Amino acid sequence: MRLAEARVMRLLSVAELAEKAGINRTTLYSVESGARQPTMETVRKLCVALGIENPMEIDEFAAIIARGKDPGMSEASRGGSAFPSTVT
């Protein structure tokens, strides 16, 4: 699951998730867009804020974020659906 997809599925805005995670919203936007690679600490904060508690899920989530640009964010920012047609 992509970061933007996880956020949208929980009906959270960038500002709301950033506040819940205790990070700057600019940082969150940069991570979602792939412009910035998050630290493991940032990934863990995001996972806690999103309710992802299983260590295996956290590691998987970190690996997905580390792969680069979050396509869920790109689609949403183009005015399309934030939900991809297939879930990875």
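Q: Why are α2 and α4 called roughly perpendicular to each other?
A: In this predicted model, α2 and helix α4 (residues 40-50) pack at an angle of about 110°. Angles of 65 to 115 degrees count as roughly perpendicular, so α2 and α4 are given that description. Their axes are 8 Å apart.

Q: What makes the contact of α2 with α4?
A: On the α2 side the contact is made by L17, K20 and A21, and on the α4 side by K45, L46, A49 and L50. These residues divide into five nonpolar, no polar and two charged.

Q: Why are α2 and α3 described as roughly perpendicular to each other?
A: Helix α2 (residues 14-21) packs with helix α3 (residues 25-33) at an angle of about 110°, and their axes are 8 Å apart. The range for roughly perpendicular is 65 to 115 degrees, therefore the term applies to α2 and α3. The crossing of these two helices is right-handed.

Q: Which residues make the contact of α2 and α3?
A: V14, A15, L17 and A18 of α2 meet R25, L28, Y29 and E32 of α3. Six of the contact residues are nonpolar, none is polar and two are charged.

Q: What does V43 touch, not counting residues up to four places away in sequence?
A: V43 touches P38, I58, F61, A62 and I65. As for V31, its C-alpha is 9.8 Å from that of V43 in space, and the two residues are 12 residues apart in sequence.

Methods. Residues are numbered from 1 along each chain as its sequence is written. This is a predicted model: local features need pLDDT of at least 70, side-chain atom pairs count only at pLDDT 80 or more; totals for chains, interfaces and linings use all residues. Side-chain values use heavy atoms; hydrogens and water are left out. Axes are lines fitted to C-alpha atoms, for helices over the stretch in contact, and angles run from 0 to 180 degrees between N-to-C directions. Helices (H or I, at least four residues) and strands (E, at least two) are DSSP runs, numbered from the N terminus. Angles under 35 degrees count as roughly parallel, over 145 as roughly antiparallel, 65 to 115 as roughly perpendicular and the rest as oblique. A crossing is left-handed if the near helix is turned anticlockwise from the far one by less than a right angle, and right-handed if clockwise. Contact means heavy atoms within 4.5 Å. Ala, Val, Leu, Ile, Met, Phe, Trp, Tyr, Cys and Pro count as nonpolar, Asp, Glu, Lys and Arg as charged, and the others, Gly among them, as polar.
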